[in-house]
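Dear colleague,

I am handing over the structure below, and I would ask you to keep it open beside this email while you read what was found in it.

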Amino acid sequence: MENLADARPLYERVGGEIAALIEGGTYRVGDRLPSVRQLSSKMNVSINTVLQAYAVLEDRRVIQARPQSGYYVAPRVPEITAAPLTAQKPSVPVAATYSELCQQVIRNMANRELLPLGSAVPHPSHLPVEKLNRIMSQVTRRFGAQSVSYMMPPGSERLRTQIAQRSILAGFSVRPDQVLITSGCVEAVQLALRATCRPGDTIAVESPFYFNFLQLIADMGLKALEIPATPREGISIEALEYALEHNRVSACLVIPNFSNPLGGLMPEARKRELVQLLARHEIPLIEDDIYGDLTFGAERPLAAKAFDRQGLVIYCSSFSKTLAPGYRVGWAIGGRYQGEMERLKMMANLATSSPPQLALAEFLATGGYDHHLRAIRRIYARNISLMADAVARHFPAGTRMTQPAGSFMLWVEMPEGTDSVRLFQRALEHGIGITPGSIFSLSDKYQNCIRLCSALWDERIERGVETLGRLARELAPTP
């Protein structure tokens, strides 16, 4: 370690050695670096020296810290920190309409011949398939007649108890009888909208926003009021406050934790401000927290529901992104709207399928979920870093993207003038599925953006990103 000819401070020399290892390929994008204590011992320097070295590398964006997880090699990516310019224009309520492009994107998700670069669906190779299958077989034998009977709303008591216990990790406490089991998170959101709105009402949503929810709003005959959002702050509280002063809004629908498609994490202070603002106007907040468990850090982020003091936050989630998309098991915690949502659930489809409820309750009760989460968080953190690095290497100059701290989605903003719908069509010709940015708005925004998903990373995916980057370069406007 000692080099008398090197007059740099010791921490800079330590940082230089780590940077050289990264540059030489010993540590690749997404790799976890030695802990502060390990490096201190290995290099025979103080812990404080290592901390200073890591701080310098973090400032230079060579590495990135993940809370209570450690230090990792960072992708060299131009980061999106503010809202895209197209999201900053004043919005007015827009009547939502059906989109054939949305339907095509959804159909492509079921096409196994396409490389799934745009599907926000976990890959089965990262799910506890065999364990869930064993548990499903066991519980159907164990519970016999109950497994083929209706579990009327609010649903399986054992599963609701497990969900209530886990809610503490999201910052709030509920009783099992305050949890309603639904057929996925989409149904939970749909029930929340039906309980709070009537056809013709206006819903405030963040922008860009999950396209399937925009289609749901269209199906219900509602209007969407798009409020700009940023990856670091979430929905703009200031823009929302202005909108509430000039529009009659019946509800607000947001994804505060690892939003879809930005992947942004709303700070706790902003969540509190959001809840308090809406409470002053007596407007319900419908919160989708389906990605909250997929943080790259050691601690799960708080839900906006944690700041609810008036029962105005309707919390919606599911196990579709973490355990079993095909089980279609979600839940809602409806606060003052709970009774109405249970009634609407019964009218809609009577009950959620019983065997998946029994299997998930057993999986949670035996402690398998936390072990699974620890593993899948590491996988997704590495995958998102590798995909971001590949995009940075292969996409046209001037491309920017988000740097999510959870989930497996990456929002990519290509140079202005690049047509993401044409890229979507060209990608299909090469057997690649992506999601064009325009479907995340009702107002013809985000034409130069796409959402990529890194639920899986292998050589085929890497080659697919390289091909996609080449196609994007061909479509990018000439400087």
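Predicted model: local features only at pLDDT ≥ 70, side-chain atom pairs only at ≥ 80, totals over all residues.

Because its relative accessible area is 69%, and exposed means over 50%, glutamate 416 counts as exposed. Leaving aside residues up to four places away in sequence, glutamate 416 touches Asn448 and Pro477. The C-alpha atom of glutamate 416 is separated by 24 Å from that of leucine 225, a residue 191 residues apart from it along the chain.

Turning to the domains, the assignment for the chain gives domain 1 (10-73), domain 2 (96-125 + 373-475) and domain 3 (127-369). Between domain 1 and domain 2, whose C-alpha centres lie 30 Å apart, the contact takes seven residues from domain 1 and six residues from domain 2. These two domains bury about 580 Å² between them, with 41% of that area on carbon and sulfur atoms. On the domain 1 side, Arg28, Val29 and Arg66 lose the most area to domain 2, and together they make up 62% of what that side buries.

As for polar links, the count between domain 1 and domain 2 is one salt bridge, and the count of residue pairs in polar contact, both at pLDDT 80 or more, is one. The residues on the side of domain 1 that touches domain 2 divide into one nonpolar, two polar and four charged. A salt bridge joins the side chains of arginine 382 and aspartate 31, at 2.3 Å from N to O.

With best wishes

Conventions: Residues numbered from 1 in each chain as written. Heavy atoms only, no water. Domains from an automatic or database assignment. Contact = heavy atoms within 4.5 Å. Buried area = accessible area lost by both parts, 1.4 Å probe. Salt bridge = Lys/Arg side-chain N within 4 Å of Asp/Glu carboxyl O. Polar contact = N/O pair within 3.5 Å; in protein donor to acceptor, adjacent residues only side chain to side chain. Nonpolar A, V, L, I, M, F, W, Y, C, P; charged D, E, K, R; others polar. Buried < 20%, exposed > 50% of the residue type's maximum accessible area, 1.4 Å probe, protein only.
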